[in-house]
Protein chains: 2
Amino acid sequence: MNAISNVSPDAAARLPYPYLLFLGDTTEPGFAKTAFGVRDWAGDKCVGEFAVGATVTTGLPVMTPAEARAAGARAVLIGVANRGGIIGPTWIAPLLEALEAGLDIVSGMHVRLGEVPELAAAAQKHGRCLIDVRVPPAGLPVGTGRKRTGKRLLTVGTDCALGKKYTALSLAAAFAERGLDVDFRATGQTGIMIAGGGIPMDAVVSDFEAGAAEVLSPDAAADHWDVIEGQGSLFHPAYAAVSLGLLHGSQPDVIVVCHQPGRAEVLGAPGYAVPSIEETIALNLRLGGRTNPAIRCAGVSLNTAGLDADAAERLFAEESARLGLPVADPIRRGAAFAALVDNCLK
Amino acid sequence: MNAISNVSPDAAARLPYPYLLFLGDTTEPGFAKTAFGVRDWAGDKCVGEFAVGATVTTGLPVMTPAEARAAGARAVLIGVANRGGIIGPTWIAPLLEALEAGLDIVSGMHVRLGEVPELAAAAQKHGRCLIDVRVPPAGLPVGTGRKRTGKRLLTVGTDCALGKKYTALSLAAAFAERGLDVDFRATGQTGIMIAGGGIPMDAVVSDFEAGAAEVLSPDAAADHWDVIEGQGSLFHPAYAAVSLGLLHGSQPDVIVVCHQPGRAEVLGAPGYAVPSIEETIALNLRLGGRTNPAIRCAGVSLNTAGLDADAAERLFAEESARLGLPVADPIRRGAAFAALVDNCLK
């Protein structure tokens, strides 16, 4: 077995794509978020999907591992989760089939692939790699606070799980469409699968959290942009350490605050109110100013999945007037989003 | 080998003391800080010292491992560090002698004891434990933010390495002298050796940092005090993640700010100014208020090792008048320190 237990942050192509997306026996679309995210944002890195009884589909061509290998696939990517984040008995046979067909396995599950004896043995036998993207690279340094060259944008949030990854991907795509030199820097498992590299910031030992963020967005050309996926929230009683280390180490020139209108309580923390957008801007600027005194907030990204188009547009206008900043939903491309991009690049 | 790779935070006596302090071949007193700290704060847990060519001494009786075992010692504690934090070749023979004599080994070195093949083999052969206190307990939860019962004090700092452990130990001792029910909660290696338990907060994966702090100071009687050793600083570009997770999870009712007069630049971060005491109070209260809105600052602990007694007393008076808070050096017990203790308990 070649156990790759880390992912180089500076090599965008370290993960072995193209991927064959594995959907397991999943019948609940919510559990296939990883597969949908990879399809949506890295469709050019996907050749097809396969499953063992799943009813969800990505719409990609259905292929056996051998067919995918023949079509150029280099790895099967586990695109689904289940309660517990485990690799159940029904998944073993198809994953063994993938290894036998010459594919590596890429996983963001909690359990490590090499801890499944059948997979470890088969990977060794066939000379394949088992790649756990939740495992941070070895040898991360402590932070230095040294100012790096190039430009950086970090998405931050009023809470976790409300669109920081999606916003960063959308902004990076928009920057690229305008001809800018830009890298999306992934900090979570799905983002890493999409980007082909990155660092799972929540899995980094806390002493090295800021140092990991420094490694993730290294010195670059003066006009190069790193658009960095945020994690957690400075206000979250469980995850603020992750958010602060990422903020300090990223040294963002620009932050974009992500918020879900209507969310009143912090996810997983009963009794904790979601802070206001203004509070979130102020605290991120205050703390981020420690490593980059020039930090500024370029605008707000709202997750308006629960609103119709007219209501969303009205909300953007109201919030923009109230905050004095561009406000948009990156899913609803249009004038509001263009104004947000303009202000990021100003 | 019985490899104990974690230390229960709720069992004050999980480490196998009394200790025989090992000084290696150390000739530089600065490298024996751990031994001195354990001698000063847990002298009742120490039976003696031994060495292989060291010129530093704790003043405790010199014993062979066999003599120490006969005197009741249960473990040899590596009380020294060296550049690199490694276990050099000259230490192997005396540590093997300790294992053969029936002693476990307790270490706060970076290298894990079990990674030294000779020690691993001898521990297995003799049925002894190799205990690395830098390794956090397994199965730490994510934080919940749930308010816990009992009272908590956390020492915080304008920077790292300026007296947060010493201040917490002194305050806990003063609370005990006043007849209060108090536990010192250790968050670093030397503190853990002194307390016999604790969690090495800088070695915890960042997603679990606040959760670890919640575990460290569990629900307690309403009049019970946990005095928690602080780590790092919210202003340190490398270590603020550790500090914020510890602050959120500790839910302190009281903070005491530790500062070293004259330190202008953050340790290990050239160009970063040490923040003022006022800024440090304000930011800790603002962020700590998220999980305990009743948080207050009870005073300031100054590391005045560089001043004579008169100059220190003048400084306490000046700073106290300026800040409107008790200011003292816990090494210089006296009226200033008593006033600080009074205000903590007010």
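Me: In which sense do strand 7 and strand 9 of chain A pair, and over how many bridges?
Reply: The model is predicted. Strand 7 of chain A covers residues 151–157 and strand 9 of chain A covers residues 225–228. Within this pair, A:K151 has A:W225 as its bridge partner. The sense is parallel, over four bridges.

Me: What is the strand order of the open sheet in chain A, and which strands are at its edges?
Reply: The open sheet has six strands with parallel pairing, in the order 8-9-7-10-11-12. An edge strand here pairs on one side only. That applies to strand 8 (182–185) and strand 12 (327–328) of chain A.

Me: How many residues of strand 7 of chain B are buried, and which way do they point?
Reply: Strand 7 of chain B, residues 151–157, is mostly covered, with seven of its seven residues buried. B:K151, B:L153, B:T155 and B:G157 point one way. The other way point B:R152, B:L154 and B:V156.

Me: Which residues of helix 1 of chain A are buried, and what covers them?
Reply: Helix 1 of chain A spans residues 33–41, and its buried residues are A:T34, A:A35, A:V38, A:R39 and A:W41. Their cover includes strand 2 (19–22), strand 3 (46–50) and strand 4 (75–78) of chain A. From the helices of chain A, the cover includes helix 5 (164–177) and helix 6 (189–195).

Me: How far apart are the C-alpha centres of the domains of chain A?
Reply: The domain assignment of chain A gives domain 1 as 2–132 and domain 2 as 151–345. Between the C-alpha centres of domain 1 and domain 2 of chain A, the distance is 28 Å.

Me: Which helix of chain B gives the most to the side that touches chain A?
Reply: In the contact between the chains, 28 residues of chain B meet 28 residues of chain A. Helix 7 (209–216) and helix 8 (240–250) of chain B each supply at least two residues of the chain B side. That side divides into 16 nonpolar, eight polar and four charged residues. With six residues, the helix that gives the most is helix 8 of chain B.

Notes: Residues are numbered from 1 along each chain as its sequence is written. Chains are lettered from A and ligands numbered from 1 in the order in which they are written. This is a predicted model: local features need pLDDT of at least 70, side-chain atom pairs count only at pLDDT 80 or more; totals for chains, interfaces and linings use all residues. Two strands pair if DSSP finds at least two bridges between them. Two residues are in contact if their C-beta atoms, placed from the backbone, lie within 7 Å. Ala, Val, Leu, Ile, Met, Phe, Trp, Tyr, Cys and Pro count as nonpolar, Asp, Glu, Lys and Arg as charged, and the others, Gly among them, as polar. A residue is buried if 20 or more other C-beta atoms lie within 10 Å of its own, exposed if 12 or fewer, and partly exposed in between; C-beta atoms are placed from the backbone. Domain bounds come from an automatic or database domain assignment.
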